[in-house]
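User: I'm new to this one. Please walk me through the model, and start with how its pieces get their names.

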Amino acid sequence: MVLLIVIAVIIVIVIAWVSIYNSLVKTRMQTKESWSQIDVQLKRRNDLIPNLVETVKGYAKHESGTLEEVTKLRQDVAQAATPADKMVASNQLTGALSGFFARAEAYPDLKANANFVKLQEELTNTENKIAYSRQLFNSTTALYNTKLQQFPSNIVAGIHHFEPSEFLQVPEVEKEAPTVKF
Amino acid sequence: MLYQQIQSNKRRTVVLLLIFFVLVALVGAAVGYLLLGSLETGVIAAIVIGAIYTLIMVSNSTNVVMAMNNGHEIKNAEQAPELWHTVEDMAMVARVPMPRVFIINDDSPNAFATGNNPEHAAVAATTGLLKIMNRSELEGVIGHEMSHVRNYDIRISTIALALSAAITLLTNIGGNWWFWGSGDRRRDDDRNGGGGLQVLLLVFSILMMVLAPLAAAAIQMAISRNREYLADAGSAELTRNPQGLISALRKLGSAQPMKDVDPSSAALYISNPLKNKEHLFDTHPPLEERIARLEKM
């Protein structure tokens, strides 16, 4: 009788262990997936920027400084080594682009260009996707990190060396409207 | 909160289907008894027909609802980039698959979601909505619809719509039969006085009177006003920007009614497309109250 109880307890513990381990793996996978979502959008934006520079060149002569800055920041995003550096560069690029689009209002010819209108929608879409995938990354990270700290999953996580995932900071500047200077 | 809402929606769906099948069985029993002289045959036939109807409706609900509301499907981002991209964003952040996207040609701004589950969902927006809303307002509206998708609100409202349409059809048939039948009856009365047919017509007319308000009640039960508040809160959670939805709701509030809307679909829309002022059968909570709740977030 005692033996049976011991066996039953062991079986229950093994089943619980396996299911906790699997759910930890699953949530860790979700954080990685949501990071790759961000990465895909960053790449997409980097692919769009040369087209934007080409399109704008002929119309907005006074914006060559802004365009150079955008091109430089694009390089920074592409070359950043760590996710944190990448996001810092990406946030600066977001700021530079939104500043540029605000100033583009002053060029009626540019705004009438179909290619520019299309690029503007594409870039707006990509910027929104970066923001939303970052939000998704933070919520999956919160879910995963909570599991790492909660009992009893913290025991399983500790023994199998699950590392916590880092949150991405939302830049304060992004929440403000871009300032328009001429 | 979200989990409870999903559970309660699934429970209500089962209750709704049960009520529907009990009604169908009752009608079947009455028809079978009076026409064929067999209660069981009537019940079985009615349940089989009812089950086939429900299966067809449920498996094809999106197409049926979209056809009822004159929705045209768009297949890629080029046809309506802003709408398509916004739906993509909201689906991503709500962690549901990309739904099908439809556009309704109507100058009155409105939107709704339908479908069976988050894997088979559809979102529709009117051309008026796309015209007057800016990006963050559109995100608020689509976020609201995506919350309905995620909460399984779409399943219960679509089934409620299908079943109430079936009951309305049934009672209409009953009503017509009674109307034409009463002419026959007068002639019959002169000769030999009705009999079985008269009783049948009486049963139908009574059923009709009982069923119509029941159908309305079923919709009321399924489409509780609370879920609109919950979808508004869900939208604010997805967009992190309640201001977008607040200003969208203000614009929806001052809009004209839709030209050509299917009345039984009215409850699906984000704001009442008929703009009628009868509050007894309101499917939507007042916009002012929804705005007030969002402002408190």
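Analyst: Helices are DSSP runs of H or I of at least four residues, strands are runs of E of at least two, and both are numbered from the N terminus. Residues are numbered from 1 along each chain as its sequence is written, while chains are lettered from A and ligands numbered from 1 in the order in which they are written. This is a predicted model, where local features need pLDDT of at least 70 and side-chain atom pairs count only at pLDDT 80 or more, but totals for chains, interfaces and linings use all residues.

User: Which residue is joined to A:Pro152 by a cis peptide bond?

Analyst: A:Pro152 sits in the loop between helix 5 (114-149) and helix 6 (153-159) of chain A. Most residues other than glycine have a negative phi, and most peptide bonds are trans. Here, though, omega is about 0°, and the partner in the cis bond is A:Phe151.

User: How far apart are the end C-alpha atoms of residues 6-25 of chain A?

Analyst: An unreviewed UniProt entry labels residues 6-25 of chain A "transmembrane region". UniProt positions use the numbering here, feature names are shortened, and annotations may be inferred rather than shown by experiment. In the model the span is 100% helix and 0% strand, and its end C-alpha atoms are separated by 29 Å.

User: Where chain A touches chain B, how many of chain A's residues are charged?

Analyst: Two residues are in contact if their C-beta atoms, placed from the backbone, lie within 7 Å. The contact draws on 8 residues of chain A and 7 residues of chain B. For the classes, Ala, Val, Leu, Ile, Met, Phe, Trp, Tyr, Cys and Pro count as nonpolar, Asp, Glu, Lys and Arg as charged, and the others, Gly among them, as polar. On chain A's side that gives 2 nonpolar and 4 polar residues, with the charged count at 2.

User: Is A:Val70 buried or exposed?

Analyst: A:Val70 belongs to helix 2 (residues 64-79) of chain A, and beyond its neighbours within four places in sequence it is in contact with A:Ile49, A:Leu93, A:Ala96, A:Leu97 and A:Phe100. The rule is that 20 or more other C-beta atoms within 10 Å of a residue's own make it buried, 12 or fewer make it exposed, and anything in between is partly exposed, with C-beta atoms placed from the backbone. A:Val70 has 20 such neighbours inside 10 Å, so it counts as buried.

User: What is the phi of A:His161?

Analyst: A:His161 comes in the segment after helix 6 of chain A. A:His161 is exposed because it has 6 other C-beta atoms within 10 Å. A:His161 isn't a glycine, yet its phi is positive, near 55°.

User: And where is B:Asn70?

Analyst: B:Asn70 also isn't a glycine but has a positive phi, about 55°. With 17 other C-beta atoms within 10 Å, B:Asn70 is partly exposed. Its place is the loop between helix 3 (61-68) and strand 1 (71-74) of chain B.

User: At what angle do helix 6 and helix 10 of chain B cross?

Analyst: Axes are lines fitted to C-alpha atoms, for helices over the stretch in contact, and angles run from 0 to 180 degrees between N-to-C directions. Under 35 degrees is roughly parallel, over 145 roughly antiparallel, 65 to 115 roughly perpendicular, and the rest oblique. Helix 6 and helix 10 of chain B are therefore roughly perpendicular to each other. Their axes come within 7 Å, and the crossing angle is roughly 90°.

User: How close do the axes of helix 4 and helix 6 of chain B come?

Analyst: Helix 4 of chain B is oblique to helix 6 of chain B. The axes of helix 4 (residues 81-94) and helix 6 (residues 135-150) of chain B cross at roughly 50° and come within 9 Å.

User: Which residues does the "binding site" annotation cover?

Analyst: B:His148, in helix 6 of chain B, is buried with 28 C-beta neighbours inside 10 Å. B:Glu228, in helix 9 (residues 226-239) of chain B, is buried too, with 23 other C-beta atoms within 10 Å. According to the unreviewed UniProt entry, the site covers B:His144, B:His148 and B:Glu228.
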